[in-house]
Amino acid sequence: MLVIEDLQVELAGKLILKHIDMEIKPGETHILFGPNGSGKTSLLMTIMGYPQYKVVSGKIYFKGVDITNMPINERAKMGIGMSFQRPPTIRGLKIRQLVKICSGNGENMDVEALARAVNFVDFLDRDVNDGLSGGEIKRSELLQLMAQNPDLMMFDEPESGVDLENMELVGKIIAHLLEQEIHPKSTKPIRLQKRERRKMGLIITHTGHIMNYITASKGQVLYDGVLSCVENPREILKCIANIGYEECVRCILENNLRNGH
Amino acid sequence: MHIREQFKERALKAVDKKAAIGEDIDLSQYDKEAPPPKPLTDEELCALPQIERELLAMAGIDVTEKERGGTFFQKNVGVVHCDVKQEGIEVIPLKVALEKYDWIWDYYWKLVPVDADKYTAAAELELHDGYVIRALPGSKTIYPIQACMFMEKDNLQQNVHNIIIAEEDSELHIITGCATAHTTKRGAHIGISEFFVKKNAKLSFTMIHNWAENMHVRPRSAAQVEEGGLFLNNYICMKPVKSLQMYPTTHLVGPDAVARFYTILVGSPGSIYDVGGRIVLNYPGNRAEIVSRAISNGGTIIARGHLIGKSPDIKAHLECRGLILNGGIIHAIPELEGHVDGVEMSHEAAVGKIAQEEIFYLMARGLNEDEATATIVRGFLNVDIPGLPPQLKAEIDKAIEESDKDVM
Ligand SMILES: Nc1ncnc2c1ncn2[C@@H]1O[C@H](COP(=O)(O)OP(=O)(O)OP(=O)(O)O)[C@@H](O)[C@H]1O
Ligand SMILES: [Mg+2]
C-alpha cells in the first residue's frame, strides 16, 4: 500500500504540490488527471524519490515503511517503479544492458523474449533513449518495467505519442504488468482473480485512452498542485471534456463537500 | 654515402631540438644501454612469472598466442620472441631487416622526418630495435598479430622504430601493447611508427599502453593510405604516466582512402597527456573520422584533433568528448581546415561532468549511486569501432573494465 499524508513539495523554491493525501491499496490502480504544469509529473518524481523535489512537510509510506527520505534506489528495491515522461539519453549504454540492470542483473533473464512482447527487439543494441521517437521511448520504458516487475508502477502519460497499432500493445502490456488480465479459462472465478491482484498502479493520462485496456479504481485530478478526487475516472474525463478543468474541479470539490469529505 | 649515414648526419643536427609541443625532457638523465635479453621459446613465453603475464595481458598480449597470428616481443633493448604462424604475414626485427633487406629503405624514415625533434634523432642515433610487420599482397590475417614493448630496467630510455606495411588488397590487424615491469619506476620511451597502407588494403592498429607513474612517453608516428585503403587506429591509455605527447599525422594519398582514429584516455592525478591526431585528405572520396573520449580523474588531458581537407568531395568529422570526474583539466582543441570548395567537415566537442539526471534514472532501476556512475562511465568510454575484429574489441573492453577500479 502507498500512503501519502499532507504532502507539500517545493521545486526550485516554488511550492508545486500542496497538502496531497493519497492512498493506493494493493490491487488498485488510480488515474491522475490534470492540466499541463499542474504537478502530475512532480508527484510521481517525488514518490520515486528525486531529491530536487523537496518534501517540505508531510509523509510518504510504502508497505508500511516511511520512505519520505529514502534514496531512489532503495525505493526501487522496495518495489516502486516508474515509466518516465522524458527519460535521459545515456550514450554507450545499450538498451539490452539496461534491461538486464532492471532485472537485477539476473543471469538467466531472456531479454529478447521480453523485448518481443513490446515489439522492441530491433532496438536492443541502440544506446539508451538515444534518438528514440516518442512512441519508442514509451515502449522502452515499458520493457524496463517488465524486467523490473515492481509492485507499485507509475506511468507518466504512457499513451502520448503512441500510434494506434502500438496503443493496443501498450495498453495490453500495462494490463499485464498490473496483473489485470482476466483468464476466463482459469478454474478460479473472475471475482477471486480480481481480489488476488496485488500490483498497484498510478497512471497519468490526458486522453484516458489507457482506460480502454485497464480498469481503474479511482480517478484523481491535480489542479495547481492540489489534489481532488472522485470515485469514477470516466466521470472525471467526461466532466473535463464537457466543461474544462477549472469548472470540473469546482464541481468535484462541491460534490465532495456535500458528501462530507 | 649510404642513406643510413645521411639519416645519422641529419639526426646529429637535431639532438637538442625541442619538440613542437609537450614538456621538454632532458634525455641525458636516462640509461641507453641494458644487457641484451635472453630469447624465449614459445614454451618459455608461457612460463613467464604470473605477475609478468598479467602485465602483458593488460596490454593485450596473450602469451599462449591462442588467438594470435604472430608475436613480436621486445624487452628493454632487444627482441626476446619473434614468430609468425600465418602464411603471407611477415614479422621481422627491424635491425634484421635493416641488415638483410634492401626494400626496407623505401620505408625507413620515409614518413617521419628523422630530424623532427630530439626524440626522432635519439631513435636513429641510439636505436635499440623494433619490428617490421608486413602483410603480403592479397593476404589476410585470420587472427591479429601482437607486438609488445616491455620495459623492465629502471631508468632506461627505450628507443624503438616500427614499420607496418599492408600490401595491396591485404588485410592486417595488429594489437600492440607497451608495459613496464613493477620494478620500473622511471624511464622514457621513444617509439617511431611508420604505417603504409597500399591500394585497397585494410590495416587496423590497436595500441594499449600501461606505463609507470614516472615514465615520459614520446611516440612519433605517421601513416600513408593509398587508393581505396583503410587505416583504423585505436589508442587506449588508462594508466598513470608522467607525460605522454604525440600528434601523429596520416596522409590519404589516393582516391577513396579512409582513416579513422579512436582514442580513449583516462588521466590520473599527476599525469599529463597531450594526445591528438591529424589527417590530411588529399583526394576525392577521402573520409576521415577522429573520435576521442577522455576522462580526467585529476590529471591533465589535452585532446587535439586536426582535419585538413585539400580536395573537393571529402568528408571528415571530429568528435571529442571529455568527462571530468574527480578534478583535473581537459582541454579539447579541435581544428578544421578546408582548402577548397566542396569539402564537408565538422566537429563536435563537449567537456562536462556526468549528468545527475542519468544517475537518478539508473538508480530508479535499482542501481546505487556508485554503480550508476560506473555504468555511465563505462558507456561513455564504449565507442563503436566498425571493422574491428572481435578479439580486439574484447581487449579494449577488458582494458576499460580494468580501469573501472582506478576511475571510481
Ligand atoms: N526545474 C524546474 N524549475 C522550475 N520550475 C519547474 C522545473 N521543473 C518543472 N517546473 C514547473 O513545475 C510545475 C509542475 O510541472 P510538472 O512537470 O509536474 O507538470 P505536469 O502536471 O506533469 O504537466 P504536463 O501535463 O505538461 O506533463 C510546472 O509549472 C513546471 O513548469
Ligand atoms: Mg508531466
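Between chain A and chain B there are 2 salt bridges, a salt bridge being a side-chain nitrogen of Lys or Arg within 4 Å of a carboxyl oxygen of Asp or Glu. One of them joins A:Lys94 to B:Asp384, with 3.5 Å between the closest N and O atoms. The side of chain A that touches chain B draws at least two residues from each of α2 (72-78), β7 (90-94), α3 (95-102) and α5, and β7(A) gives the largest share, 5 residues. Helices (H or I, at least four residues) and strands (E, at least two) are DSSP runs, numbered from the N terminus. By type, this side of chain A comprises 16 nonpolar, 7 polar and 5 charged residues, where Ala, Val, Leu, Ile, Met, Phe, Trp, Tyr, Cys and Pro count as nonpolar, Asp, Glu, Lys and Arg as charged, and the others, Gly among them, as polar.

The model is a predicted one, in which local features need pLDDT of at least 70 and side-chain atom pairs count only at pLDDT 80 or more, while totals for chains, interfaces and linings use all residues. Residues are numbered from 1 along each chain as its sequence is written, chains are lettered from A and ligands numbered from 1 in the order in which they are written, and side-chain values use heavy atoms, with hydrogens and water left out.

In contact terms (heavy atoms within 4.5 Å), 28 residues of chain A meet 18 residues of chain B.

Turning to the metal, the magnesium ion (ligand 2) is coordinated by OG1 of A:Thr41 and OE1 of A:Gln85, at 1.9 to 2.3 Å; donors are N, O and S atoms within 2.8 Å of the metal (3.2 Å for Na, K and Ca), and because water is not among the atoms, sites may look incomplete. These two residues lie 44 residues apart, A:Thr41 in helix α1 (residues 40-48) and A:Gln85 in the loop between β6 (80-83) and β7 of chain A. A:Thr41 counts as partly exposed because its relative accessibility is 24%; buried means under 20% relative accessible area, exposed over 50%, and partly exposed in between (1.4 Å probe, protein chains only).

Helix α5 (residues 134-148) of chain A also holds A:Ser140, which counts as buried because its relative accessibility is 1%. Leaving aside residues up to four places away in sequence, A:Ser140 touches A:Phe120, A:Asn129 and A:Leu132.

In chain B, B:Gly70 belongs to strand β1 (residues 70-75), and its C-alpha atom is separated by 3.9 Å from that of B:Val84, 14 residues apart along the chain.
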